[in-house]
Amino acid sequence: MSKKRIREIIRVNQAGELGAIQIYKGQLAVLKNKPIANDLKDMLSKEKKHYDKFNELLNSYEVRPTIFSPIWKTGAFGLGVLTAILGKKATHACTEAVEEVIIDHYQKQTQYLRGKDNNLAKITKKFCEEEKEHLDFASEHDTGNDLFHSALKKGIKLLSKSAIKISEKA
Ligand SMILES: [Fe+2]
Ligand SMILES: [Fe+2]
């Protein structure tokens, strides 16, 4: 049944990278004139490369994108706007929370794919390393330890995990 699982992996990763793009776009819409904008743009350009790659893979593996793309697109943009408005800590907290989930997700996929689809495993491993750079960048900043920011991070992680589960299946 590895073919089915591989299709799920490609579908969910394309959706996830779209979500990442939208989060950074949402944050940039609010913070475009702030010093953080350059870092957000750097991360955005990486996510665009990831997204392009998974779009290519959708085509070559003949996988259709998740039907939830429009919802993820709007939701992730909104999350970006919201966290940017909440402030610096929330902006970094969002990246930290999302990337922690994505890194774990890419690591599990890479393990699964080894020996089954080594080319794809190479891609998920490389992207995982690049997501780690985003996580490190966020973690270098104060992402807040108070009740509010802790709850925010938990909430974003839960949202990300749910979006992953849903996108794998449809
Ligand atoms: Fe990415
Ligand atoms: Fe990232």
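This is a predicted model: local features need pLDDT of at least 70, side-chain atom pairs count only at pLDDT 80 or more; totals for chains, interfaces and linings use all residues.
View 1. Donors are N, O and S atoms within 2.8 Å of the metal (3.2 Å for Na, K and Ca); water is not among the atoms, so sites may look incomplete.

**View 2. Glu47 between two iron ions.** The iron ion (ligand 1) and the iron ion (ligand 2) lie 3.9 Å apart and are bridged by Glu47. Distant parts of the chain are linked here, with Glu17 in helix H1 and Glu47 in helix H2, 30 residues apart. Helices are DSSP runs (H or I, at least four residues) numbered from the N terminus. Glu17 has a relative accessible area of 3% and Glu47 one of 0%; both are buried (under 20% relative accessible area, 1.4 Å probe, protein chains only).

**View 3. The largest nonpolar core.** Such a core is a set of buried Ala, Val, Leu, Ile, Met, Phe, Trp, Tyr and Cys residues joined through side-chain atoms within 4.5 Å. Among its 30 residues, Ile10, Phe54, Leu120 and Ile156 touch the most other members. Helices H1, H2, H3, H4, H5 and H6 each supply at least two residues, and H4 gives the most, with 10.

**View 4. Surroundings of Phe54.** Excluding residues up to four places away in sequence, Phe54 touches Ile10, Asn13, Gln14, Glu17, Tyr106, Leu120, Ile123 and Phe127 (contact: heavy atoms within 4.5 Å).

**Notes.** Residues are numbered from 1 along each chain as its sequence is written, and ligands are numbered from 1 in the order in which they are written. Local features need pLDDT of at least 70, side-chain atom pairs count only at pLDDT 80 or more, and totals for chains, interfaces and linings use all residues, while side-chain values use heavy atoms, without hydrogens and water.

Notes:
Buried means under 20% relative accessible area, exposed over 50%, partly exposed in between (1.4 Å probe, protein chains only).
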